Every structure is written in structure tokens, then in C-alpha cells.
Amino acid sequence: MHLFELSPNCSLTSGTAVLFYLSIMGLPLTIAGAFAAVGLWPILPFAGLELLAIAVALRISLRRGSAREVICIDERDVVVTRAAKRHNAQYRFARPWTQVELRPAPVAHWPSRLLLGSMRRSVEVGAFLTEGERRRLWRRLAELLPAERSGNDRRQGIS
Amino acid sequence: MSATAQDIHDHHDHGPASGLMRWVTTTNHKDIGTLYLVFALVMLFVGGGMALVIRAELFQPGIQFVNPDFFNQMTTVHALIMVFGMIMPAFAGFANWMIPMMIGAPDMALPRLNNWSFWLLPFAGVMLLATFLMPGGAPAAGWTLYPPLSLQGGNSFPFTIFSIHLLGISSIMASINIIVTILNMRAPGMTLLKMPLFVWAWLITAYLLIGAMPVLAGGVTMLLTDQFFGTSFFNAAGGGDPVLFQHIFWFFGHPEVYIIILPAFGIVSQIIPTFSRKPLFGHESMVFATAAIGFLSYIVWAHHMFTVGMPLAGQLFFMMSTMLIAVPTGVKIFNWISTMWRGSLTFETPMLFAVGFLFMFTIGGFSGLMMAVAPVDFQYHDTYFIVAHFHYVLVPGALFAALGGAYYWLPKWTGHMYDETLGKVHFWLSTIFVNLLFFPQHFLGLAGMPRRIPDYAVQFADWNMWSSIGAFGFGFSQLLFVYVVIKCVRGGEKASSKVWDRPFGLEWTVPSPAPYHTFEKAPEIK
Amino acid sequence: MSLMRTLNYRVLAAAPMLLFLSVARADWQMNLPPGVTEISRRIYDLHMLVLWVCVVIGVIVFGAMAYALVAFRRKEGVKPATWDHSTTAEIVWTVIPVLILVAIAVPSARALVFIEDTRGADFSIKITGYQWKWNYEYLDEGVSFFSSLAEPSNEARQKNSGIDPGSVENYLLEVDQPLVLPAGVKIRYLLTSNDVNHAWWVQAFGVKRDAIPGYINEGWFQVDEPGTYRGQCAELCGKDHGFMPIVVEVLPKEDFEAWLAEQRAATAVAAVSHPTTAPAD
């Protein structure tokens, strides 16, 4: 059995995120507060809006970090499990019929796609990986899945 | 919750939208980076055209081409376009393209926000330019928008303010995105101190934007309420204080200066090691120097206002703090020289621009030090000496760094080498003309020519004529750059992923991965 | 000379030739003039000090750069060094600039204190900026008048006026009625504005200060040499910002007293016919 757990790179933990937020909060608030003290209060709401935007941005980015994809390959099946905060999905393919394909982007510089599945149905994995990581994962999966079905013909076009 | 394979739609075959819609809807950091850069290049010519109107009028004494009021509209909108529409978007474009590649991230942290922050720009830019068609014309009070003069503006006034708001929102969104990307998307092993200088420069720039932008937004909003809603923040007759606006503006404006120059420092710090074939000297001290400049930028603002009649203590404080900026800036210059020291130098176009930056930015630094001395600034203030100073740091400073960066990464972006000969010709033409354009302005200022005047006393005629010739030469030289870029996009010698002989940084290792990230887990024994 | 200017003005297209000709005009002033007051001379000295400091640093820094560019070009068989930091060097080039800055800051602070010291003035005037002229008021003397761009300049500066600016004496630097001041007297000025921000700048005095509505700025200068001194508004104040020059005529003390008495008499007469001194336009 082979198990792959994919997760986006997150260099920020929620603890450090809070620390960062507290550190950056001081900056616009001090400045806006000082101006408010001399009667120029309209800077405060803008500083507040900005801090709100930073908080939302951090939250979205952190939440994205909790995404997980698990690929489990045993003798019979290939099971892809996608886990996000509120949404779980599992896709099961018969291993002998499962192929892995690294589809190059239709536009130069766009990310490639790693598709796992049978002829008609497939599921994308590792969309959040970097190009290099995705290619390495593809090579490894291609070793495990039937060679003639693993999209070797496309290898030329990518690397 | 689980689904069966039958539920899967193969929705991956649609691909991206094609044609124009691809660019409107794109969330890809490289596409958005390209959009930013193209927008900046277009704006360079829009703002540059205005500069040429100014220089044509100043070619000789007397008023030949434009009325004084239109002249003021030109100086005002030229500055707004160049600052908010050209140089900041250019560096945002570099950030979008390069930061994810440099830190090993697949994209920016918030791709849709990224799309939005770019697409605000064209609307803001068009709105700003549309003010030329309004009764009373475009804003003519200078980009500093000092009241009460700015409140005399015609119908264009609220549109100008709104456009500045949009530009501000755009840069805030971009900087939030950049901060979050740098903090959360670094590849394993890419610790903060290992980050390339360009990434560091942008991180600190984003901090500056976050501190400064609400101040600008609040400031221009107060102008608006003073004009239309009867408040008296800056109206002396209503108990307000017009000088407070100057404090507000420069509290934003001085960090803004570094918002423009820090990414330029970052780019130069990437280029020089590559063509010296030697690692950047004093990486950590470069980071600290950049942070020090960022910090100092918040406590020097009133050196733009030495003549408003500040208390003596205030003048002394701002004089000293301003002089201090020379220290970290000097550290950076010395580090760059040391990087070249005992290296193995070659002078491809990016290196030429970086070396040109080094020389000419230093000239701007010297005049900056001179202006820091408050008593002497009484003579320099609001003269062409100031114009020469800030153009030296902005044009052969920031713009040269951006041009050097464009040549440096063009092969990475397009997959083709640019035309090296034309690139070098572009560099030499730009360098010769930019000095012809701005160096005589030092003399004009010292001889007593005030800035922002459409006509001048005849003793200033000679240097003005040289300066105007330099301006036209410099402006038309940039067409060569457009040609080189188009030629490079269309085709050319194929560039390897490494491109240069010995580049430093993750972006050159793509597509092969550098930091190792393992996904495969040992199978659990059940 | 005037022929050159005429040529210069008329033949726009032949720029290269004109440049050659314009060498003969000898107006290539490059440096700050020392001026005629103690303030302006102190500023000039400071200016030259900082300029020379910059020149010396510039020679060293640009010399090092130029040496590096030449000496460390890529050569066959020469491997680039691999070192990338030196704490000693970093400390040296942090400390030395700090010392240089201190050396500049001390005389600068001294000059600033001197400039800002308005005590002991013998005579006060009030200067008010208007769009686009100056009002001068001799406090306690009851004399006040406007000073705007002289008519010959005003005619020549109209768009496509056809008048060669070179043919107008003191083009854009002449007024209808100059500010007249006594020589050898410490003069305190109060500065304000009636509409938007202006700045009163006479380079020869080393005086530039903003005129701001609702504010009264003050400063001083003392001119020992009688003569005519010219300046301009130095803060963007609208469309005619470039056309509100300043002319100060400094007279020997006795001449000044005579002039002032004359003005007082004229003002008394004028006050009968025009009770207010509200600005025209």
C-alpha cells in the first residue's frame, strides 16, 4: 500500500499569524490615533478597514492551508480523499484502470494539471503544489500505476 | 461525507478563457504580473508625453505652446501618473511575477484579490485622465494637492480624489497579498533571512504601504469633505489648519518615496551578484539596512516642509533624522560595491542598468543629503534643485532598476533572449540623455529658478534648453525599449531556464524543484 | 547679445545651432550665489561645506566603483571570490558616515538657531500673498501697497505674444512697485496669505518662507548693501504662480526715511478718496 498526503505549503501557523497581526496592527492604529488626536479623525476608519482586510486575507490564506488530499493506492483500488474544513469527498478508482496524467497548461506559464482517474472520469490532485512538486508526484505515481496508461507520451512536452 | 467516482465531472477540460477574457478573468500570478508591467509601460508613455509637453514649453523663455493653467495640469497629472500609474504598478508587476517563484510558492496567496487589485488600476487611470475633458480641466494644484489651492479645482476635483482612492485601494490590496504570500507560502527551508533581497524589499515596502495608505486616504477624504460637506479640517477661516494637510500628505509621501525605491534596491540586489558571479555581500546587513530605511521613513516627513515655519526644535529633529537616512543607504551602496569587488564582472544590459543605477542614484543621494540640511534647504526648497534631486532618484534610480529588472527577467518571462545589442544601445542612449535632462536642473535650481513655473527669466534659458533636448532624447529612447520587448516576446534565441551564466535564486531553477518537499507517507500498519 | 536672443527666440527648429550660439550668452550660472545677508552667507558656507563633503565622498565611492568595474572584469582563468560578508567593513562604513553627519549637523544646527532668532529687530513689515501679487505693509507706519508683475513682462509673457522675452528688461523679475527697505537694519517680516499658500523668496537674502492663510510666519534679514534684489514666489499658487515676482529695493537709511515720509503722505491722500485697501480683481 502506498499513501500520499498532499497539503499546501504553509509557512505560517495560526499562532505566528496572530503574532504578526498584533505586530502590524500597531502601525496604522498608532499613526491614525496620533492624527485623530490632533482632530484629523477620518484616517481612523481607513486604518480600521485596512486592518479588517488584512485579517480576512490572513484567515483565508490560513484556511487554505488546512486543505488535504490523500491518495491511497493498494492492490485493487486507488482512493483519493479530499478534505477541507467542511467538505470531504472520496473518489475510488480501480487500480488496473487508473491512469495518471500530467496535462500541460494550454497557456505558457500556467500551471500544469495532475489528473488521476480512468478514461472518462478523473479527479485533479495537487493543484496547490508548485510545478516541481507536482512533477515529482506525477513521476512517483506513474511508477506505481500501469506504465502504458500513465501518460508517458506527454512527458516530452513538459520537462 | 463521501462521493463515488460517478459524481466527478471532468471540468478540467474547459481550460482558461481565451482572448481578452483570459486577461480579464485571470488569477494566475504571472498573467497578472504581465498585466501590471504592460500597464506600467503604457503609463510611462502617457506620463512621459506630459513631461515632454512641460519640457517643450520650457525649451525657451516666453509661453509658446500651453497656457499656464494647462501647464500646471501637466505637472500635476504627470506626477500622479508616474508615481501611482507607472512606477508602483511596475514594481507590483515584478512582485507578482517573481515573489512566488523566488520563495517556491505555486501562486500568490489570494489570486482573486490579485486580479481585483490589478483591474482597479485601469479604471482609476482612465478616470484620472478623463479629468482633462471636464470643465476646468484636470487637477492643477500639484500632486501634493495642498489646500487651499487644490480646493480651487474645477469639476475634476472629486474625480481626482476618487481616482486616488482607487489607486490606493489597489496598492493596499496588492501589498496585503504580497505580505500574506511571503508569510504563508514560503517553501520549506526558505526561512525569512534566506529570502532574496527583492522579496525582503517588497515585504518592507508592503509594511510601508500599510502604514501610509490610510493616511493618504483619510487626507484626501478630508479635502473632499472640506470642499463639499462643510467641514473645516484644513480651512483656516473655519478654524482648520492648512499646514496639517501638508503633514498628512508627507506622512504618506515620505514612506511613499521608499515604497518606490525599496523594490528598486531589491532588483539591483538580484542583478549585481549574478553578473559579478559572486554572492551578495552582507545579505543580512542589507535586510537590516532596508528595514532601517523603512523605519526612518516614518520620522522624516517634515523635511519636505522646512519653510512652513516649524518651531526650531522640529526643524532640528527632522534635519537630524533625515541625515540619518544616509547611513543605511550608504551601507547598501557599499555592499553593492563589495559584491562586485573581486568578482568576475560582465556587462550585459541588466548589469549596465544596475551599475547606472548605482552611479546615478548615488548622485541623487548626495543632493538628498544636501537638502537634509535645513538652513540650506531654505535656498533649495521648491526650486529646480529639488526637481533634479527627486528625478535622479526616480528616473535613473527607480526606473533604471525597473528597466534592468525587465531585461534581467525577460528571458525567464518570454523564453527568449532579448536583443543584447539593442539593449545596450538603449542603456547608453537613456544614460546620456537622462543626465543631459536632469543634471542641468541642479544648476537651474541653485541659480534660483523656482519649480512648477511655465516661463522663466532669461538667465535660465541655456540650461533649460539643454534639459529639454535631454528630455526628448530620453523619451524617444524608450521607444527602443518597447521594440526590444516586442521583439523578445515574438521570438528570438531560446533561453535556457538558467538564462545567465551564474544566477542566484530559486527563480532560475524552475522548472526543476529546489526545496525538497516530501508527500509520501510510510504506510500505516493496520 | 540681444541679436543672439532674438535669433534664439525666433528660430525654434535649429536647436543644435542655437545651442552653439547660446554659448556666447554667458548665463551658465551653476552654483548658489553667496547673497548679501549674513543669513545667505552662512547658508552659502554650509552649502559649500556639504557640497565638498559630497564631492570627497563621491570621489571615493565613484572611484571604488570605477576601479571595480575595470579591475574585476571577467578574465580567463580568474575565479571570482566567494566571501560574502565582513563585519569589520560593515561597522567601518556605518560609523564613518555617522561621524561625517555629526560634523555637518553641528554647524547646520548653529546656522538654524541664528536664522530663527528674530529678536532685536528694528523694523517690521508684513507681507501678504495674494493670487498673484504681493501686499507689503509697513507696520506702525500706515503705509501699504500691492506689488505685481510689471506691465512689459506681463505683455511679453502672454501666449504667442510675439515679444522676445530677451528684449524685456528683467523679464518676469520686475514689478510695478517694489518693496523698499532700509540698509543696515535688522528687518523682521511677518508673512501670511489672503487666499492660497505662497512662498516669499529672495535668494540673495537667503530668505524663503511660506505664506499660509490663517498663519503668521516670521523671520528676519538684514541687508547692508543698498541695491535692487529680485525673487519669486516659490510655492505653487495657481495659474500665475510664475508671474508674481518680488523686487526689493534697499536704500541707505536716510533715503529710505525720505521715501517712507513720501509714502505716508501719499497714503493719507489716497485714504480720503479710497477708504479701503481691498485688493483689486
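In this predicted model, residues 24 or more positions apart account for 52% of the contacts in chain A with a separation of 6 or more. For chain C, the corresponding share, again taken over contacts with a separation of 6 or more, is 66%.

The secondary structure of chain A consists of four helices and seven strands, and its elements follow one another from the N terminus in the order β-α-α-β-β-β-β-β-β-α-α. In chain C there are six helices and 10 strands.

| Chain | Residues | Buried residues |
|---|---|---|
| Chain A | 159 residues | 46% |
| Chain C | 281 residues | 47% |

As for the way the chains meet, two pairs of chains touch, and of these the pair formed by chains B and C has the most contacts. Chain A and chain C, by contrast, do not touch, and their nearest C-alpha atoms lie 17 Å apart.

Within chain B, one helix pair can be described in detail. Two packed helices are described by the angle between their axes and by the distance between those axes. Helix α10 of chain B, residues 326-340, packs against helix α11 of chain B, residues 349-372, at an angle of about 155 degrees, and the two axes are 11 Å apart. Because angles over 145 degrees count as roughly antiparallel, α10(B) and α11(B) are roughly antiparallel to each other. The crossing in which α10(B) passes α11(B) is left-handed.

On the side of α10(B), the contact is made by Ala326(B), Thr329(B), Ile333(B), Trp336(B) and Met340(B). The residues that α11(B) brings to this contact are Met351(B), Val355(B), Phe357(B), Leu358(B), Phe361(B), Thr362(B) and Leu369(B). Taken by class, the residues of the contact between α10(B) and α11(B) comprise 10 nonpolar and two polar residues, with no charged residue among them. An α-helix has 3.6 residues a turn, so residues three or four places apart point the same way.

Notes
Residues numbered from 1 in each chain as written. Chains lettered and ligands numbered in written order. Predicted model: local features only at pLDDT ≥ 70, side-chain atom pairs only at ≥ 80, totals over all residues. Heavy atoms only, no water. Axes fitted to C-alpha atoms, helices over the stretch in contact; angles between N-to-C directions. Helix = DSSP H or I, 4+ residues; strand = E, 2+ residues; numbered from the N terminus. Parallel < 35°, antiparallel > 145°, perpendicular 65-115°, else oblique. Left-handed = near helix turned anticlockwise from the far one by under 90°. Contact = heavy atoms within 4.5 Å. Nonpolar A, V, L, I, M, F, W, Y, C, P; charged D, E, K, R; others polar. Buried < 20%, exposed > 50% of the residue type's maximum accessible area, 1.4 Å probe, protein only.
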